[in-house]
Amino acid sequence: GGEDGKILLWEVAPPQHKQSRSASYQHRNVALRPSGSSPMGTEIQLLSAQPVAVFDEHRAEVVSLSWSKQQATDANDPFLLSASLDKTVRLWHVSRPGALHIFQHADMVTCVDFHPTNDSFFISGGFDLKLRCWSIPNGRVKAWAQTPDIITAVQFSPNGNMVVAGLMRGQVYFYMTDGMKYYTQLESKNRRGRASDGRKVTGLVFRGNAESLNNRKGLHRRCTSTDSQTTSSFAVTARADYANHTPMRGRTYSDQSTPSNIGGGLSINSGSRRLQDHLLVTTNDSRLRLYEMDGFCAIQKYKGALNTKMQIKASFSETGIYMICGSETGVVHIWESLLNHEMSLKAKAAAHKKVDRSNPCASFDPYHGTSSAGQRAVTEALFVPSSCVKRAFMNSKLFPTLHSLDQFKCDFGSSMIVTSDDEGTIKIFLKRAPLDIVIR
């Protein structure tokens, strides 16, 4: 979604007959077969050459997007929610040219998120300081909560039993989905220095969201990104088989389940720490902070990416081992989460007597060597899910004798990166190592 109010959708890992030289990678060691033999591919393409759908009903910037997260089938594609500064949230489906429903708000809407286990509900927040849980079948607010400041980011817990809201000055509030009852809060800011009064929360993500989605059958296979002059929102997910503009079938919204009886609560297991027990908060003081939900304490701080004005947010790789974030300087930064060490987190915190601080373990400039180097801001950077990477590899026909890539011991979930910038350009980067392993 972009400043012009448009939403563009691309197909992820399209079949070869739809591919072009745009958004593709050619390996230098791959040679074409002799004439007369079966055709062999020479490129790997992640996105379709042209958008498969364009939605243009918003009248102001589109600043947040969210895909429905329940299982989709070939004939039943996921739904999309979009939040805009035109004071509306709109519900879309790929098979329909217009919005299915418009949810009016009193003021500008900054963030939206589908419920992770029931597509009949979503959460929204914005300038009117109200956190709303909407019922889509009724088109009405099911429950709401008043916050002390402007809401800039929202996120359901992975099981949907809790709602997290990030505010303008670094506050992070937790509410039970049942009745939107206040649970607790934390301050995501420095204790001293120029930013001690708190900076805007630009992103919230639970460690393990990507993995839990990937384990579902029929993963959503859509990519939404920036049109010209984009500001912030970019999301990528995947689905096993793509149905071109198939009319909606077999999906009816039901209000039989309420948020109070959906999901099983925010699970805390001190014996075997679960991935979703960690929340990553991105703020406009150029910091990422990782919080442990067992006690709601900060256990790690990450720095290196300049993020002082824009709605730039970090995200995890599929395994939760790596984190990635764009920056206002145009550099993409990658960190290792450091949560796989045997040493317990509490013991580590006690030994250091302060929150760990980690610089990026890797970084790169998407515009290195060009006139745009240092001139563009990378508004979004995401790891491509392994299912999408494998499908792109197989659709390329670079490996005609292979029927699957599952036998290769490789972290495909951190091998491909998608970035978008503030001028509406999407770039795709592929790590050479996985491709070399498959070719050998």
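1. Rings of Phe, Tyr and Trp (its six-membered ring) are taken as a pair if their centres lie within 6.5 Å, with planes under 30 degrees apart counted as stacked, over 60 as edge-to-face and the rest as tilted. On that basis the structure holds 13 aromatic pairs. One of them joins Tyr175 and Tyr182, whose ring centres are 6.2 Å apart with the planes at 80°, so the pair is edge-to-face.

2. This is a predicted model, in which local features need pLDDT of at least 70 and side-chain atom pairs count only at pLDDT 80 or more, whereas totals for chains, interfaces and linings use all residues. Residues are numbered from 1 along each chain as its sequence is written, and side-chain values use heavy atoms, with hydrogens and water left out.

3. Phe393 and Phe412 also form an edge-to-face pair, at 6.0 Å centre to centre and 90° between the planes. Phe393 lies in helix α3 (residues 386-395) and Phe412 in the loop between α3 and β29 (416-421), so the pair ties together parts that are 19 residues apart in sequence; helices (H or I, at least four residues) and strands (E, at least two) are DSSP runs, numbered from the N terminus.

4. Phe393 is buried, with a relative accessible area of 0%, and Phe412 is buried at 2%, where buried means under 20% relative accessible area, exposed over 50% and partly exposed in between (1.4 Å probe, protein chains only). Tyr175 is buried at 3%, whereas Tyr182 is partly exposed at 47%.

5. Phe103, Phe122 and Trp134 form one aromatic cluster.
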